[in-house]
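Student: Could we go through this model together, with each term tied to its cut-off?

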Amino acid sequence: MSEFPPRPTPIEAADMIRRQRGRNVALLLVLVALAVLFFAITLVKLGHMG
Amino acid sequence: MSTALRNAGRSGGLGGLGGVYAAPPKGTAPPVFLAGTDRWQDWFLLLKPRVVSLVVFTGCVGLFMAPGRIHPVLAFTAVLCIAVAAGAAGALNMWYERDIDALMQRTRRRPIPAGRIDPGSALAYGVALSVASVLVMGLAVNLCAATILAISIAFYVLIYTVWLKRRTPQNIVIGGAAGAFPPLIGWAAVTGSVDVLPLLLFGIVFFWTPPHFWALSLYACKDYGRAGVPMLPVVCGARETRRQIFGYTLLLAVVSVLPWALGYTGALYGAAASVLGAGFILCAWRVLRDQCDTAGTSRDGDAAARLTFRCSLLYLAGIFVALAADKIVTLYL
């Protein structure tokens with residue numbers, strides 16, 4: 001009996017890993033950029049209060 | 001033309017909202033999600049980057065035109081929130097319209113109908129980004145800008161996408177308001193309030209939307225018809241659409257010169273708006289006078305409508321660049 005979902009071939013598996021790595025790097029960059037932005041916003045808000 | 005669409009034309013007409021839902025043709029298989037095939041670019045495409053670029057541009061001009069000062073970091077945050085909210089609304093639109101997107105040539109390669117992104121994930125992505133953009137706008141910039149931002153998302157998703165788009169040929173006219181909010185939001189980010197000038201900018205984008213989309217729908221109406229979307233050419237025919245494009249372009253040209261006529265901008269903007277308006281009216285006139293057969297279908301592949309669609313993009317860009325240039329001239333010369 002065939003497997004469901006079908007097991008990916010080595011080439012497909014390598015491609016999926018490459019795509020996943022691309023997504024993870026993109027997410028990391030977004031999170032770092034957000035952390036920098038929130039830090040900058042905090043400095044601006046504290047500056048206004050001072 | 002399907003019976004449903006003919007009914008939409010009868011009961012909705014040009015002014016009504018009472019048309020029936022024109023369901024996509026039966027027998028089309030729902031898109032199949034293929035796990036592991038999504039790339040980061042697909043998640044980016046889900047945000048409709050080309051639409052976002054236009055929204056960011058008009059939002060930036062609204063922010064720049066506003067009197068008063070805003071810290072550059074907060075200005076950047078406001079523009080980022082406008083961009084993310086527009087993208088999130090685009091993602092929610094793609095999630096809701098995945099059935100008809102799969103039927104149209106223009107949209108069938110989008111991430112959800114192509115099976116690269118799971119609809120549930122797209123929905124979660126759109127909701128999360130919508131909430132996040134409104135929260136950050138409210139906490140970092142001000143409550144007025146955040147409120148208008150939330151209204152713009154709700155308008156695009158609930159009023160345009162869910163309620164109007166499949167029910168009435170007036171979908172673009174009323175739904176066009178959703179794309180007109182960014183200059184208001186940009187202005188509100190600086191001032192914390194709304195004034196006459198940003199409302200005029202809202203009016204310019206509002207009246208620009210129908211001729212822009214109807215020019216596109218003139219040469220893409222087979223696609224819309226196949227998907228059961230009651231766009232004006234599908235329901236009322238190409239001839240009526242040509243008349244409506246011309247009428248709305250005249251209205252747009254009048255609204256575009258109002259900021260100068262009412263004294264909110266200088267002569268530079270007045271001259272630019274007049275010249276651009278005349279050019280756009282000329283394009284719309286060529287669409288109106290296009291050589292057609294008895295059904296109103298163009299004999300030369302809708303060359304005039306294609307030109308008008310491209311000109312409409314240049315027109316809007318020109319109007320907003322002229323607004324910014326006029327302010328620079330007023331401030332520094």
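This is a predicted model: local features need pLDDT of at least 70, side-chain atom pairs count only at pLDDT 80 or more; totals for chains, interfaces and linings use all residues.

Tutor: Residues are numbered from 1 along each chain as its sequence is written, and chains are lettered from A and ligands numbered from 1 in the order in which they are written.

Student: Is B:I112 buried or exposed?

Tutor: B:I112 sits in the loop between α5 (98-101) and α6 (119-141) of chain B, where helices are DSSP runs of H or I with at least four residues, numbered from the N terminus. A residue is buried if 20 or more other C-beta atoms, placed from the backbone, lie within 10 Å of its own, exposed if 12 or fewer, and partly exposed in between. Because B:I112 has 26 C-beta neighbours inside 10 Å, B:I112 counts as buried.

Student: How do α13(B) and α14(B) pack, parallel or antiparallel?

Tutor: Helix α13 (residues 267-288) of chain B packs against α14(B) at about 175 degrees, with the axes 9 Å apart; axes are lines fitted to C-alpha atoms, for helices over the stretch in contact, and angles run from 0 to 180 degrees between N-to-C directions. Since angles over 145 degrees count as roughly antiparallel, α13(B) is therefore to α14(B) roughly antiparallel.

Student: How many residues does chain B give to the contact with chain A?

Tutor: Two residues are in contact if their C-beta atoms, placed from the backbone, lie within 7 Å. Chain A gives 9 residues, and from chain B come 9 residues.

Terms used. Helices (H or I, at least four residues) and strands (E, at least two) are DSSP runs, numbered from the N terminus. Angles under 35 degrees count as roughly parallel, over 145 as roughly antiparallel, 65 to 115 as roughly perpendicular and the rest as oblique.
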